[in-house]
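Morning, everyone. Please have the sequence and the model open while I talk.

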Amino acid sequence: MNLGLKGKAAFVAGASSGLGLATAIALAREGCNVTICSRDQERINHAAGQIIKHDWADAEKILPAVCDVTQTAQIRRAIQQSVQKFGHLHILFTNAGGPKTGLIDDFTEKDWKDGMELNLLSTINLCRYALPHLRRAAHEDQHARILMLTSIAAKQPIGSLYLSNTSRAGVQGFAKTLSEEVGREGITVNTLLPGFTRTERLQHLVDYLMDQEGKTKEEVEAGWAQQASLQRLGEPWEFAAAATFLASKQAGFITGIALPVDGGYSKHVL
Ligand SMILES: NC(=O)c1ccc[n+]([C@@H]2O[C@H](COP(=O)([O-])OP(=O)(O)OC[C@H]3O[C@@H](n4cnc5c(N)ncnc54)[C@H](OP(=O)(O)O)[C@@H]3O)[C@@H](O)[C@H]2O)c1
């Protein structure tokens, strides 16, 4: 299938590792020009270097940018840099790191504010600053996509992930509302809900549970795997494949959905 992504410009947040990096790689391999961002110059340059070294994209098609998505000025600047370099913005992928873990008494008011800034407000601000460019892309190329990474925790809360469970549900509400408003302009808005997938973030959760529950790494991972229909954890490229399809020309009649990529972890009927 021709996904119609060649020459399209994408902005992928939180892309120095994990699900963001996998998504950037998949889009680059489909011929997109990709801006990748993270908080850390060295890590994001390294990620760009890996994409180029593996011949997944030519150097001029990848722009590494430093952008802490909790900082509005940095979002504005990174999106400007991206549009200046590639001339357009067709695809926005919102993402950031995961918030702190703990039980209700573990969090201060600042923790709650930080968690909402990291995973909810960052998403809203990325969309706000990308929208003028996406509107132009929809008008000129009939190709404008917003993809938001949330978590399966938005549908089925996970113990000790209070901040994630709460902020992701907020993003789902925001995404659905935005899809209603910008649908008539030809912009699609969809969310992807990863289940347990092998990344640096997952390793942090493993460490937390090993500490809290006195389990081994294997026991923690087996516990998650057993809850999925497919009886295993996911790989970042599997998430990225789903994101790439939703970013494609072919996904033009899909909007407002919340797509679990979780191996059957969540048990809701619809
Ligand atoms: N893996 C899973 O099983 C799973 C399941 C459900 C949801 N999630 C969620 O998916 C998201 C991505 O996590 P991941 O699993 O891909 O883990 P990861 O490998 O730790 O990736 C997190 C990425 O976000 C970047 N980042 C962190 N804070 C940022 C900020 N303030 N501004 C910009 N970039 C930031 C990190 O880069 P720098 O450190 O270089 O800034 C890194 O590139 C997280 O929100 C996580 O909670 C993951």
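I'll take the sheet, then the helices, then the domains.

A word on sources. This is a predicted model, in which local features need pLDDT of at least 70 and side-chain atom pairs count only at pLDDT 80 or more, while totals for chains, interfaces and linings use all residues. Residues are numbered from 1 along each chain as its sequence is written, and side-chain values use heavy atoms, with hydrogens and water left out.

The sheet, then. Seven strands make an open sheet, ordered β3-β2-β1-β4-β5-β6-β7, with parallel pairing. Strands here are DSSP runs of E with at least two residues, helices are runs of H or I with at least four, and both are numbered from the N terminus. Two strands pair if DSSP finds at least two bridges between them. The edges are β3 (62-66) and β7 (258-261), each pairing on one side only. On average, neighbouring strands of this sheet are turned by 20 degrees against each other, direction ignored. Axes are lines fitted to C-alpha atoms, for helices over the stretch in contact, and angles run from 0 to 180 degrees between N-to-C directions.

Look at one pair inside the sheet. β5 (residues 144-149) and β6 (residues 187-194) run parallel, joined by six bridges. M148 stands opposite T191 in β6.

Now a helix over the sheet. α3 (residues 72-86) lies across β1 (9-12), β2 (33-38) and β3, and runs at about 160 degrees to β3.

What does α3 meet in α4? T72, I75, R76, I79 and V83 of α3 meet S122, N125, L126, Y129, A130, H133 and R136 of α4. Contact means heavy atoms within 4.5 Å. By class, this contact has six nonpolar, four polar and two charged residues. For the classes, Ala, Val, Leu, Ile, Met, Phe, Trp, Tyr, Cys and Pro are nonpolar, Asp, Glu, Lys and Arg are charged, and the others, Gly among them, are polar.

On geometry, the axes of α3 and α4 (residues 109-141) come within 10 Å and cross at roughly 30 degrees. So α3 is roughly parallel to α4. The cut-offs are under 35 degrees for roughly parallel, over 145 for roughly antiparallel, 65 to 115 for roughly perpendicular, and oblique for the rest.

Leaving aside neighbours within four places in sequence, M116 contacts L121, L163, T166 and S167. M116 and T166 are 50 residues apart in sequence, yet 8.2 Å apart in space, C-alpha to C-alpha.

Next, α1 (residues 18-29) and α8 (residues 236-247). Their axes come within 8 Å and cross at roughly 55 degrees. That makes α1 oblique to α8.

Last, domains. The assignment, automatic or from a database, gives domain 1 (9-195 + 235-257) and domain 2 (196-233). Their centres, taken over C-alpha atoms, are 24 Å apart. Across the boundary, 17 residues of domain 1 contact ten of domain 2.
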